[in-house]
Amino acid sequence: MATGRTHRPATRSRGIPEATVARLPLYLRALTALSERSVPTVSSEELATAAGVNSAKLRKDFSYLGSYGTRGVGYDVEYLVYQISRELGLTQDWPVVIVGIGNLGAALANYGGFASRGFRVAALIDADPAMAGKPVAGLPVRHTDELEAIISDNGVSIGVIATPAGAAQQVCDRLVAAGVTSILNFAPTVLSVPEGVDVRKVDLSIELQILAFHEQRKAGEENTPSPVPPRSGAAVRAAAENRKGPDGDVPAVMPA
Ligand SMILES: NC(=O)c1ccc[n+]([C@@H]2O[C@H](COP(=O)([O-])OP(=O)(O)OC[C@H]3O[C@@H](n4cnc5c(N)ncnc54)[C@H](O)[C@@H]3O)[C@@H](O)[C@H]2O)c1
């Protein structure tokens with residue numbers, strides 16, 4: 001999901017590389033599906049295929065968790081679900097707030113996948129006074145005047161920003177000042193945050209641009225590509241601006 005950028009060193013506590021951390025949710029999603037089908041054990045090859053990861057990489061990743069599987073039997077599905085959930089901090093409930101309850105914020109609020117993964121939406125916050133009190137996904141929208149009180153009353157450490165780009169930095173600053181230390185940013189802008197605050201950015205248009213690149217390549221392999229009409233300088237600059245993260249890093253999309 002998004003420019004998967006966190007303002008942290010490449011290696012986290014207990015020496016687990018950030019790339020491994022980024023794959024843990026993929027393993028967890030595949031393992032949860034196996035668990036729901038009451039599958040007791042899984043081989044590294046099967047799990048790697050289900051997670052869309054190379055099996056040697058999977059074995060290396062699991063070695064960081066101290067999980068080596070049993071030769072001829074494979075990995076215990078339930079135990080791995082527990083181990084990965086614990087490593088990701090999902091064995092505890094994480095209250096989150098969503099700020100900006102327009103088209104996207106409302107869609108996120110209605111997404112059942114947060115609660116099922118341990119992320120409770122503590123509040124929906126919007127600056128529009130006309131929205132205050134209106135129910136969205138079963139919660140009354142709260143006005144931004146209440147932002148600081150909501151964060152402290154609910155012990156919120158994760159904030160989701162779904163405001164227009166122009167408001168995102170100011171919302172981010174308020175969230176951080178109120179005690180939020182992790183931000184999931186959907187607004188198409190680069191946020192500045194102090195040391196110790198993690199930001200991950202989600203931008204579906206970036207993902208589409210990458211797919212467009214590959215489509216163009218595929219078309220080029222089959223025949224000479226048809227010329228693309230030139231875009232205005234502003235459009236090209238906007239696309240380039242959108243594409244690069246703070247370090248020009250690779251976008252990633254939140255696992256569904
Ligand atoms: N990352 C993605 O893939 C993706 C996809 C769609 C939209 N977006 C972005 O998400 C954002 C929201 O898009 P949308 O279509 O829901 O827009 P929208 O106009 O429907 O909703 C924006 C909401 O933010 C509120 N808002 C404005 N300023 C605010 C502030 N300072 N504090 C709190 N709330 C404030 C508005 O009142 C409104 O309800 C935009 O920045 C858009 O570009 C990103």
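How far apart do the end C-alpha atoms of residues 89-190 lie, and how much of the span is helix and how much strand? Select that stretch: the ends are 26 Å apart, with 32% helix and 28% strand. (Helices are DSSP runs of H or I, at least four residues, and strands are runs of E, at least two, numbered from the N terminus.) UniProt, in an unreviewed entry, puts "domain: CoA-binding" at 89-190; such annotations may be inferred rather than shown by experiment.

Before you click on: this is a predicted model, where local features need pLDDT of at least 70, side-chain atom pairs count only at pLDDT 80 or more, and totals for chains, interfaces and linings use all residues. Residues are numbered from 1 along each chain as its sequence is written.

Now jump to α2, residues 44-51, where Leu-47, Ala-48 and Ala-51 are buried (20 or more other C-beta atoms within 10 Å of their own). Look down the axis of α2: its buried residues fall within an arc of 100 degrees, so they line one face. They pack against α1 (18-36), β1 (41-42), α3 (55-64) and β2 (75-76), with contact meaning C-beta atoms within 7 Å. Last stop: Gly-52, which follows α2 and has a positive phi, near 75 degrees.

Terms used:
Buried ≥ 20, exposed ≤ 12 C-beta atoms within 10 Å, placed from the backbone. Arc of directions from axis to C-beta. Contact = placed C-beta atoms within 7 Å.
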